[in-house]
Amino acid sequence: MKVVKKLLVIAVMLVTLIMPVGFSACGGGGTNSKSEITIGVMNNSNEVRAINDFKSAYMKKYDGRSVNIVKITGTLDNWIIKQQNAGELPDIIQVYDYSCGYWTNKNLFYPISDLMARDGISEDDYFSSIMDIAKSGGDGKVYWAPRDYNKTVIAYNKDMFDIAGVEYPDDDWTWTDFVATCNALNAKAGEIKSAMNQTVFYAVDGNLNWEAVYYPAIKSYGGDIIDKENGTAMKNKDAFVKGVSKLLALADDGLAKPPSEDTVPFSNRQCAMQICVRPDIVSYVNNLKKSDGSVPIDFVSMPAYDDPDVDISYIGMGCTGYGITTNCSEEKLDLAWDFIKLIITEEGQELFSSTGSGFPVLTEMAFDDNATYRKYIPGANHDAFYKFPERDLPMNYLAGFKPEAHLDIRQVLTDSMLKGAYRAEDRTAFYNELEARLNNAIGK
Amino acid sequence: MHGKKLALKITSYCFLCLFSLFFLFPFVVMFLRSFFTATESLAIGSGLIPKVFYPKSYLDALDPDFLKYTGNTVIVIIANVVGKPLTAAMAAYAFVKVRFKGRKLIFYTAMCTIMLPAILTMIPVYKIFVDLGWNNTLLPLTVPAFFGGGFLNIFLTMQFIRSLPKDMDEAAIIDGANILQLMFRITFPLIMPVIVLVAVQSFFGAWNDFMGPLTYITDERLLTIPVGIYNKFFTAVSPLEAQPNVQMATGVIIMIPPIIIFCLFQKQLVDGVTFTGLKA
Amino acid sequence: MNKNTKYKDILKTGKTLAALKSNITGYLLILPLLIGLIIFTIYPLLLSLYNSFYLDYDGFNNYSEFEFGFGNYIKAFSGYESKLFFKSVGITFSYAVIMVPLGLVLSFAVALFLNQKIRGMVVFRLIYYIPCLIPSIVNAIVFGYIFNSEDYGLMNTFFASIGIPAREFFYSASSEAVVTFAVMSLFGVGGAMLIWLAGLKSIPQSYYEAATLEGSGYFTQLFKITVPLCTPYIFYQLITSVIGTIQICDQVYVLTSEGGRDYSLLFYGVYIYREFQRNNFGYSAALAYMLFIVIAILSAILFRFNKYVYYEGDN
């Protein structure tokens with residue numbers, strides 16, 4: 001009797017487990033037909049949502065075609081290697097801008113310059129800094145299609161500025177202005193905390209762990225992560241240290257949240273300013289929207305360094321995009337190209353910017369005063385997202401340099417910067433250790 | 001004497017309760033944190049009591065991805081729970097009751113496999129699976145269960161078979177049964193307890209297996225629960241993707257089946273340890 | 001004469017027939033295990049050995065592109081890689097040396113407490129055993145939060161409220177990371193505890209009663225009766241614990257797949273897996289073989305202790 005009871009319980013468990021699977025299994029299962037293309041995307045709900053939007057538009061436009069979305073497991077680079085070894089790369093794959101050069105040199109992508117010319121798409125329609133990244137093959141051909149243009153901006157909470165009685169910042173502001181604003185906000189931390197019903201307050205969340213924030217600081221002071229001519233780490237080490245220290249000073253003085261990846265204080269009303277990019281603003285809007293529907297968020301460009309050592313105050317930018325892999329067969333090339341074309345032309349860009357998280361990569365759309373992306377937070381300073389194009393700095397510090405070392409170099413940076421720098425008791429020792437690790441990564 | 005015993009009992013009880021708090025503490029934390037909203041769970045210093053009570057994180061945890069992973073895990077578990085006890089019992093029976101050439105050699109070779117670090121064989125086996133083309137299937141996780149089931153299981157079953165009385169066998173042989181009939185009709189029903197033990201242990205092994213799916217499966221749609229959750233939350237690029245509250249809710253959910261199975265089969269598991277035959 | 005020889009012949013052929021039948025059935029039953037051994041154990045073992053002699057073999061290209069020799073083994077001991085190698089060996093070794101005895105003693109103590117006739121023992125047993133039943137992911141989820149290195153984690157929020165500066169726990173570059181990991185793995189004593197309970201139950205109550213009559217106290221009974229009679233279990237636990245601890249990989253991998261900041265959590269198993277993920281099949285095979293050799297030596301040493309073990313039925 002006991003045995004029967006036990007078996008019954010197990011049977012019930014199995015049925016309850018399998019039932020929802022039966023329901024969810026209805027969704028998947030694509031046929032590997034001649035008119036189906038496979039697209040590999042990051043395992044990230046934003047990316048999946050974006051590609052699904054494109055997918056529905058594509059399937060509506062081209063009747064009879066289907067798209068199979070495959071999510072990446074683990075890190076992108078390792079996954080691509082694994083799939084290459086197994087001979088199962090998807091037809092289109094999403095890569096971030098910083099990996100684009102590496103994979104172009106590994107012959108992962110199929111050049112689309114001719115296809116672009118054939119269909120009347122000119123490279124000049126797009127932001128030049130982005131096109132440079134797309135053409136990292138060294139032969140002037142475009143290998144990768146960018147989807148958006150993400151410049152770092154500072155988003156700020158207008159309510160907190162009002163409570164502290166601080167003036168809203170201006171796009172032309174300098175680093176000194178920035179630090180002064182932080183100090184002014186910090187002075188009224190008590191009032192802000194009680195108004196927002198929080199126990200923690202930082203003037204700014206600098207997103208300091210992110211290379212789009214620290215690389216421009218390094219480059220502005222004349223340094224670089226890799227000295228490409230000599231093949232060593234840290235070009236102009238003093239400049240490197242100076243740039244990084246400028247950022248760490250914010251955290252050391254208690255103005256900025258210490259570098260970490262684990263918290264989102266801006267959405268939680270725990271900080272007044274946030275260095276971010278366009279895709280991030282959707283969740284800020286969702287969380288900070290007030291009961292009357294208004295959103296107390298506005299944007300301002302990154303401040304410029306007013307240090308005499310600094311020539312250009314760079315602003316980090318990045319993007320993500322898709323490339324047609326060399327694994328894509330001849331018959332499917334046109335199908336894949338049609339998908340890419342959808343993304344980079346007005347139709348796809350319009351679709352993407354209407355979600356609020358996409359800033360168009362077509363210059364015409366970006367400069368349009370009535371563009372869709374501006375409607376996301378009406379009246380906000382959306383110009384900040386493309387102002388000062390001469391200060392653009394793509395994350396291409398490894399472009400054209402020793403492709404076999406890219407993955408290791410990037411790993412060292414992800415491990416140490418800037419959380420490790422902030423936490424190090426002896427910063428000089430930290431920088432020396434970082435240099436050694438970078439040199440070791442290069443030397444492989 | 002009675003007082004001493006009572007005092008001992010009380011002190012033991014106190015310690016046991018203290019230990020229980022210690023062991024339960026992480027799960028209480030997990031349970032409390034599962035009621036946060038995603039944003040609030042990412043606030044600095046958010047603590048354990050949410051400002052907004054959000055039980056919907058459990059619904060968020062049961063999204064189609066998670067159900068997909070559960071389905072895969074169920075398939076793997078069924079294969080393991082059926083395959084491992086079956087092949088282990090077959091091998092154990094052969095080692096104990098059947099005389100064949102090379103029996104000792106194969107037995108000692110199998111015994112030496114305990115010493116092998118799992119990682120040593122996993123890497124070439126991955127390549128074998130890729131060459132076989134099993135890359136995009138669940139076969140790398142289900143098929144090996146039908147090939148022996150691990151030496152410890154075989155050993156356990158052997159000890160149990162050895163402890164059975166031999167007169168049933170002799171009676172059956174006199175009645176003219178061949179070895180297979182002997183095995184299935186007589187011995188197997190008697191070794192049900194150890195079969196159940198091996199099956200239950202295979203369940204836990206398959207439910208909790210992390211390195212296996214991580215190594216052999218690259219297709220996201222075929223991941224099992226541990227690696228699926230790891231992939232979903234721990235390889236996130238931005239903190240919002242990591243959704244701590246849904247992580248906690250998922251953690252609570254995946255604890256439930258193993259606990260249920262353990263409660264059902266406690267007796268077998270605990271008794272089974274006695275039969276490890278440490279009195280070799 | 002004829003009858004006798006015939007009888008002997010019949011017996012003989014009967015015996016060889018029976019032996020043949022026995023052999024066939026035996027091999028039929030053993031077949032899955034045999035195939036499994038060959039395909040999943042012996043062949044990979046040899047292939048791994050072969051791979052380890054090709055410097056930086058990446059697993060999928062032709063062998064001829066790689067240098068043959070002891071390159072992979074030398075690599076572990078020279079250059080920058082040796083720093084990682086020795087660090088991971090140091091971490092794994094020191095962790096095993098401390099945690100194996102500690103784990104055994106602690107789980108034994110818990111089992112002693114549980115071995116009384118107290119109501120609700122079943123509930124306690126369940127509570128203590130739960131951490132061993134759940135995937136290692138759950139550990140990472142909850143302890144990753146409790147021991148988070150920012151002022152977001154539970155411990156650090158608590159510290160902040162009483163004025164202690166935040167500690168780094170898993171993100172520390174020093175041994176603090178391994179210590180935090182050790183604390184986390186203490187939750188896994190339930191597994192060993194079950195085995196001790198079985199052992200404790202197997203000791204006849206009469207021994208204790210006799211000892212109490214002779215006037216010996218609790219601790220004398222413990223060390224003179226309980227421990228010696230548990231030696232088979234101690235032996236088994238020691239071996240499995242040592243072999244298991246040296247190979248730790250997935251509990252650490254879920255926390256940090258790269259070995260933590262400044263490689264402070266780079267256990268040997270994680271090191272090997274990391275190399276596998278970077279497609280260094282040759283180097284990871286060499287590392288895994290060195291691990292195998294160490295385990296074999298350790299097992300051989302530990303098996304010598306077998307002579308101290310008391311088995312029932314021995315004198």
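Trainee: Let's start with β8 and β9 of chain A. How many bridges join them, and do they run parallel or antiparallel?
Mentor: Strand β8 (residues 224-227) and strand β9 (residues 232-235) of chain A run antiparallel, joined by 3 bridges. Keep in mind that this is a predicted model.
Trainee: Which residue is the bridge partner of Asp224(A)?
Mentor: Asp224(A) has Lys235(A) in β9(A) as its bridge partner.
Trainee: And what sits between the two strands in that hairpin?
Mentor: There are 4 residues between β8(A) and β9(A), and Gly231(A) in this hairpin has a positive phi near 70°.
Trainee: What about Met234(A), what's its phi?
Mentor: Met234(A) has a positive phi too, near 55°, and Met234(A) is not a glycine. Most residues other than glycine have a negative phi. Met234(A) belongs to strand β9 of chain A.
Trainee: Is Met234(A) buried or exposed?
Mentor: Buried, because Met234(A) has 21 C-beta neighbours inside 10 Å, and 20 or more is what counts as buried.
Trainee: How do β6 and β10 pair?
Mentor: Strand β6 (residues 153-157) and strand β10 (residues 271-276) of chain A are antiparallel, with 4 bridges between them. Tyr156(A) is opposite Met273(A) in β10(A).
Trainee: How is chain A divided into domains?
Mentor: Domain 1 of chain A covers 36-149 + 319-367, and domain 2 covers 152-317 + 401-443. Taken over C-alpha atoms, the centres of these two domains of chain A are separated by 29 Å. Domain 1 of chain A puts 12 residues into the contact and domain 2 of chain A puts in 9 residues.
Trainee: Switching to the inside: which residues touch the most other members of the largest nonpolar core?
Mentor: That core has 280 residues, and those touching the most other members include Tyr214(A), Val244(A), Ala91(B) and Phe267(C). Helix α3 (residues 64-97) of chain B gives the largest share of the core, 15 residues.
Trainee: What is Tyr214(A) in contact with?
Mentor: Setting aside neighbours within four places in sequence, the contacts of Tyr214(A) are Leu208(A), Val244(A), Leu247(A), Met417(A) and Leu418(A).
Trainee: What's the peptide bond from Met417(A) to Leu418(A) like?
Mentor: The bond from Met417(A) to Leu418(A) is cis, with omega near -15°. Most peptide bonds are trans. Leu418(A) is in the loop between α16 (406-416) and α17 (419-423) of chain A.
Trainee: Now chain C. How many helices and strands does it have?
Mentor: Chain C has 14 helices and 0 strands.
Trainee: And what radius of gyration does chain C have?
Mentor: Chain C has 27 Å, while a compact globule of 315 residues would be near 20 Å. Along the principal axes, the C-alpha atoms of chain C fill a box of roughly 105 × 75 × 30 Å. Buried residues are 40% of the 315 residues in chain C.
Trainee: Which domains is chain C divided into?
Mentor: Domain 1 of chain C is 2-51 and domain 2 is 79-308. The C-alpha centres of those two domains of chain C are 42 Å apart.
Trainee: Where is Leu20(C) found, and is Leu20(C) buried or exposed?
Mentor: Leu20(C) is in helix α1 (residues 2-51) of chain C. Leu20(C) is exposed, with 11 other C-beta atoms within 10 Å. From C-alpha to C-alpha, Leu20(C) and Gly71(C) are 50 Å apart in space, and they are 51 residues apart in sequence.
Trainee: Last one: where is Asp56(C), and what's its phi?
Mentor: Asp56(C) is in the loop between α1 and α2 (71-77) of chain C. The phi of Asp56(C) is positive, near 60°, in a residue other than glycine. Asp56(C) is partly exposed, with 17 other C-beta atoms within 10 Å.

Terms used. Residues are numbered from 1 along each chain as its sequence is written. Chains are lettered from A and ligands numbered from 1 in the order in which they are written. This is a predicted model: local features need pLDDT of at least 70, side-chain atom pairs count only at pLDDT 80 or more; totals for chains, interfaces and linings use all residues. Two strands pair if DSSP finds at least two bridges between them. Domain bounds come from an automatic or database domain assignment. The radius of gyration is taken over C-alpha atoms; the globule rule is 2.2 Å times the number of residues to the power 0.38. A residue is buried if 20 or more other C-beta atoms lie within 10 Å of its own, exposed if 12 or fewer, and partly exposed in between; C-beta atoms are placed from the backbone. A nonpolar core is a set of buried Ala, Val, Leu, Ile, Met, Phe, Trp, Tyr and Cys residues joined through C-beta atoms within 7 Å. Two residues are in contact if their C-beta atoms, placed from the backbone, lie within 7 Å.
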